[in-house]
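Please open the structure in a viewer and keep the sequence panel at hand.

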Amino acid sequence: MACAISTLASVAHAADPVKVCGLRFTSSAANFIAVEKGYYADEGLDITLAYFDAAQPVAVAVSAGACDIGVTGFTAGMYNLAGQGTLRIIAGEAWEERGYQFIGVVASNEAYDKGLRSIRDLPGKRFGVTQLGSTFHYNVGMLTDKYGWDNKAVSVVPLQSVANMVGAVKSSAVDAAALPSFVANPLSAGGAVKLLGWVAAETPWQVSGVIASKDMIDKRRSVVEHFIKAYKRATAEYDAAFNHLDAGGKHVFGKDAEALFPIIEKYTNTSRAVVMDGLPYVNKQASYNIANVAAQLDWYKARGFVDAGVTVDKVADASFVEVVKENFK
């Protein structure tokens, strides 16, 4: 009998399996920290990570139930799936916040030699993105609105993956692209492309977050709550290590940064020097900017990328973290 009771107790306390899908971006550092430092395990979760080449496939996988949780960029496709009732935003990830350098706009050397010397020179050029309606596409849209360009002034070229974007801009198949800092900086330093500027300096916005399937929220809510608790533990640690700028606008790293750099290097397959040059802002409470999500929805709906009936209440579940209600300025 004692043996049977012991076996039952072991089964009852078995870790809950959770498949988390995302990209190998520095923006996902908090998720990587929570895995490596055992924060998910502390909450009784058995995490399996899976990686994709672009944000939109992550949302599709979560919607289809192939992944329980996604850590990914906010795309038109994600919003449409949320509008259909299959997934929800439950927390924040990276913010394009002034003073931080996450996504950089780069030019091919050929385009640069022909006059593409600044972001303002993009009209008339070919701009590589992953998919139409992607975060990279939205970056172009915000610049178009900011500078009053015609909606077709910049030719957006879908290339399906960041790797394809890199190849296209290096070979001058496109004139420009927006790339994560840990990709853009080494390419620029090596002379393969020219860095024109940073998205955060031009158009701050809520670029990514954590999503969960509606089925996961409804049927395994306690598991999602434990996930968020561990994730917030990691975002607070990230904040203490990386979310500080000096008077000159340069990063001031906290005392725990040295212990976290190897984790980020490991999961992004890059070097410390590259990581240090381009860490995004991540809110310490894992919050996301609900007002900015609404602004994104309006932009996508106005251009036919998201169904007109999709509203913020269909997209976001604000019961897991406290949301920010004031839009970026």
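**First stop: helix H2**

Select the buried residues of H2, which are Ala29, Ala30, Asn31, Phe32, Ile33 and Ala34; buried means under 20% relative accessible area, exposed over 50%, and partly exposed in between, with a 1.4 Å probe and protein chains only. Helices (H or I, at least four residues) and strands (E, at least two) are DSSP runs, numbered from the N terminus. This is a predicted model, in which local features need pLDDT of at least 70 and side-chain atom pairs count only at pLDDT 80 or more, while totals for chains, interfaces and linings use all residues. Residues are numbered from 1 along each chain as its sequence is written, and side-chain values use heavy atoms, with hydrogens and water left out.

Now select the whole of helix H2, residues 29-36: 6 of its 8 residues are buried, so the helix is largely enclosed by the rest of the structure. What do the buried residues of H2 pack against? Their partners are strands S1 (16-22), S2 (45-51) and S3 (69-73), together with helices H3 (39-42), H12 (221-242) and H13 (257-268); contact means heavy atoms within 4.5 Å. Just after H2, select Gly38, which takes a positive phi of about 80°.

**Second stop: the whole chain**

Along its principal axes, the C-alpha trace spans about 80 × 45 × 35 Å.

Among contacts between residues at least 6 apart in sequence, 78% join residues at least 24 apart.

Next, select the charged side chains. There are 31 positive and 33 negative ones, and the centres of the two sets lie 3 Å apart. Lys and Arg count as positive and Asp and Glu as negative, with His and the chain ends not counted; the place of a charge is taken as NZ of Lys, CZ of Arg, CG of Asp or CD of Glu.

Select Tyr79, Ile89, Leu122, Phe127, Leu179, Phe227 and Phe242, which touch the most other members of the 111-residue largest nonpolar core. H12 gives the most to this core, with 10 residues. A nonpolar core is a set of buried Ala, Val, Leu, Ile, Met, Phe, Trp, Tyr and Cys residues joined through side-chain atoms within 4.5 Å.

Centre the view on Phe242. Leaving aside neighbours within four places in sequence, Phe242 is in contact with Tyr100, His251, Phe253, Ala257, Leu260, Phe261, Ile264 and Leu279.

Move to the loop between H3 and S2, where Glu43 is placed. Is Glu43 buried or exposed? Glu43 is buried, with a relative accessible area of 16%. Not counting residues up to four places away in sequence, Glu43 touches His226, Lys229 and Ala230.

Select Thr130, in the loop between strand S7 (126-129) and helix H7 (135-147). Thr130 counts as buried at 2% relative accessibility. Beyond neighbours within four places in sequence, its contacts include Ala54, Pro158, Gln160 and Met165.

Gln160 itself lies in the loop between strand S8 (155-158) and H8. Although not a glycine, Gln160 has a positive phi of about 80°, and at 45% relative accessibility it counts as partly exposed.

Continue into helix H8 (residues 162-170) and select Asn164, which is partly exposed with a relative accessible area of 41%. A C-alpha to C-alpha distance drawn from Asn164 to Val129 is 9.0 Å, for residues 35 apart in sequence.

Finish at Ser172, in the loop between H8 and strand S9 (176-180). Its phi is near 70°, a positive value in a residue other than glycine, and Ser172 counts as buried at 14% relative accessibility.
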